2 protein chains.
Amino acid sequence: MILVVTLNPALDVTHEVDQVNWAGVNRPHRVHVRPGGKGVNVARTLRALGAEVTLAGLVGGGVGRELVTGLDGSGISTALTWVCGETRRTFAVVDTGRGDTAVFNEPGPPVSVGEYREFFVTYEKALASCAAVVLSGSLPPGVPADAYADLIAAAAQASVPAILDASGAALAHGVAAGPALVKPNLAELGEVSDQSMERAGQPDADAVVTAAGRLLAAGARAAVVSLGWHGLLAITPDGNWRASQAGPVAGNPTGAGDAVVAALAHGLVRRQDWPERLRHAAALGAATVAASAAGEFGAEDYRRQLAEVQVTGLPGPDVWREDG
Amino acid sequence: MILVVTLNPALDVTHEVDQVNWAGVNRPHRVHVRPGGKGVNVARTLRALGAEVTLAGLVGGGVGRELVTGLDGSGISTALTWVCGETRRTFAVVDTGRGDTAVFNEPGPPVSVGEYREFFVTYEKALASCAAVVLSGSLPPGVPADAYADLIAAAAQASVPAILDASGAALAHGVAAGPALVKPNLAELGEVSDQSMERAGQPDADAVVTAAGRLLAAGARAAVVSLGWHGLLAITPDGNWRASQAGPVAGNPTGAGDAVVAALAHGLVRRQDWPERLRHAAALGAATVAASAAGEFGAEDYRRQLAEVQVTGLPGPDVWREDG
């Protein structure tokens, strides 16, 4: 079983409107509502890959109830902790005429020390029966910035490898606790290393390798950086690789990074070697872009991408070893 | 007790954002969530006026539960009928930098014949103990366009005066059933009479009187037309009046029409004469514009407006009688 932690999940509400009137009344022609947030997307993708998944985290209020109802029938087991505050919504307005999408992210609910402690007890219990844990997304108000460090330390105690997908202070603190893997995107890596990761509008591979190397020096055992349609760049003690897809994929990039995280966790528990794991992750990320909703992908898209992804070694340790 | 019918209530979610990025990610600095829809606003205003109020209508799903929870502590009694579909949301984005507001109204839930019938039974029961009924707002899918006509006929059977605030086909059908009062605004009156109610950007009083007179000829016993900050125009068998406020009020006009309806219902059950009733309604509408949320008003604003509103007779029957 893979444990996925979502401390700040969301109910994602999407309105599709043709030619939005930004100063007037609109009647969306389609409304989608589904559980969201990075952890939920990861759990959904893992489930689609056939993995057993348990979702732990914090939910509250009527929106939390809607979120939990929305997970019914997903095959995702839940070990959620209820809080007094209200789970946040995200609103996306898709202007189908102009092709723009505006997203409005509500702040998460305030979480008390006691509520976080109750979650922690549930989390430690769930660790006992899992092969890996994924820690994904932002922290709601009241949860300390170093919470991921505590959760990674508890996982280490239980000999469970932890995969961290976070940003800013949560990422910086988490790295120091020695996760098996961190998965920043270019913007997150740029923010945490305080320098640009792009040159002339393209990912700057040298800067990425250097900044990711610093995450390893700070404690992470490996780092996989997602480069949008430019693929993935992995810095590991076993070597460095780049996984490249054939080219840009038309679609919705929301959740593609979460699909990459899910595939990396899936590859880890299946003991795939790094090149195989990266091929799997890059293909799943690209297939998720092609699908309309985060956490979904078409099996045919995935198979085609899998055949097209190129994984090449980068300068660094030249021995390709099985990763345990 | 005043019975308020809301067949298509909504959960109103408002995000305040400074300088919205309509093609990117926004973090609202304030989020408000509250029960809404015209009937709910009317009920809230009536409650604020000290009236006993029962809210009847259709709610469903997690959003319906949130709406009902949001009414806790409001003092509004509920006799709601649960449906399988999900109560709609409205989503408003207030750009506090630019001063624009975009509103996104979800469609209402589909309502089955059996669900509507169940509501009707509840409605008939509630009629037995009420002094007036207010029928407000749009009809959800599945509810027949002439539903308000049936509800007005049932009210007449129970000798309960009905006040109708609807638009389009629902208004046209409802008028034929002989409500005690209809309260269209300029746009609604223009739509139902198929001609413009404005001339040179101002309400065209002659056109309004003629069109409102047609509503009386079609069955309504009286019509009060809301003219925005230009006040109210009343066409009744007892005479015609115009209530004028001192001038425009800065604020949020959402819900001002609902406040007018509430005041007219309140004046009706208190047997105020028409001029007094109209003064009350115009003042409450203006005070509601000055308040930040629909269905709220400041007591001081209301008192000031009440002193400022001018009610003048218009050509027509010149006898001012008490209205029974």
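Below are questions and answers on a predicted model of chains A and B.

Residues are numbered from 1 along each chain as its sequence is written, and chains are lettered from A in the order in which they are written. Local features need pLDDT of at least 70, side-chain atom pairs count only at pLDDT 80 or more, totals for chains, interfaces and linings use all residues, and side-chain values use heavy atoms, without hydrogens and water.

Me: By what rotation does chain A superpose on chain B?
Reply: The copies are superposed by least squares on the C-alpha atoms of residues with pLDDT of at least 70 in both. The RMSD is 0.0 Å, and the shift along the axis is 0.0 Å. The two copies are thus related as by a two-fold rotation axis. The rotation is 180 degrees.

Me: Which residue of chain A comes closest to the rotation axis?
Reply: The distance is taken at the C-alpha and comes to 3.3 Å. The residue is A:Gly62.

Me: How is H8(B) oriented relative to H9(B)?
Reply: Helices are DSSP runs of H or I with at least four residues, numbered from the N terminus; H8 of chain B covers residues 256–269 and H9 of chain B covers 274–290. Their axes, lines fitted to C-alpha atoms over the stretch in contact, with angles from 0 to 180 degrees between N-to-C directions, come within 8 Å and cross at roughly 150 degrees. Angles over 145 degrees count as roughly antiparallel, so H8(B) is to H9(B) roughly antiparallel.

Me: How is H6(B) oriented relative to H7(B)?
Reply: Helix H6 of chain B (residues 186–193) and helix H7 of chain B (residues 205–218) pack with their axes 10 Å apart. The angle is about 65 degrees. The range from 65 to 115 degrees counts as roughly perpendicular, so H6(B) is to H7(B) roughly perpendicular.

Me: How many nonpolar residues has the contact of H6(B) with H7(B)?
Reply: Contact means heavy atoms within 4.5 Å, and among the residues making it are B:Leu189 of H6(B) and B:Ala211 of H7(B). Ala, Val, Leu, Ile, Met, Phe, Trp, Tyr, Cys and Pro count as nonpolar, Asp, Glu, Lys and Arg as charged, and the others, Gly among them, as polar. Beside one polar and one charged residue, the number of nonpolar residues is seven.

Me: Is A:Ala200 buried or exposed?
Reply: A:Ala200 is found in the loop between strand E12 (198–199) and strand E13 (202–203) of chain A, where strands are DSSP runs of E with at least two residues. Its relative accessible area is 81%. Exposed means over 50%, with a 1.4 Å probe and protein chains only, so A:Ala200 is exposed.

Note on methods. Buried means under 20% relative accessible area, exposed over 50%, partly exposed in between (1.4 Å probe, protein chains only). Angles under 35 degrees count as roughly parallel, over 145 as roughly antiparallel, 65 to 115 as roughly perpendicular and the rest as oblique.
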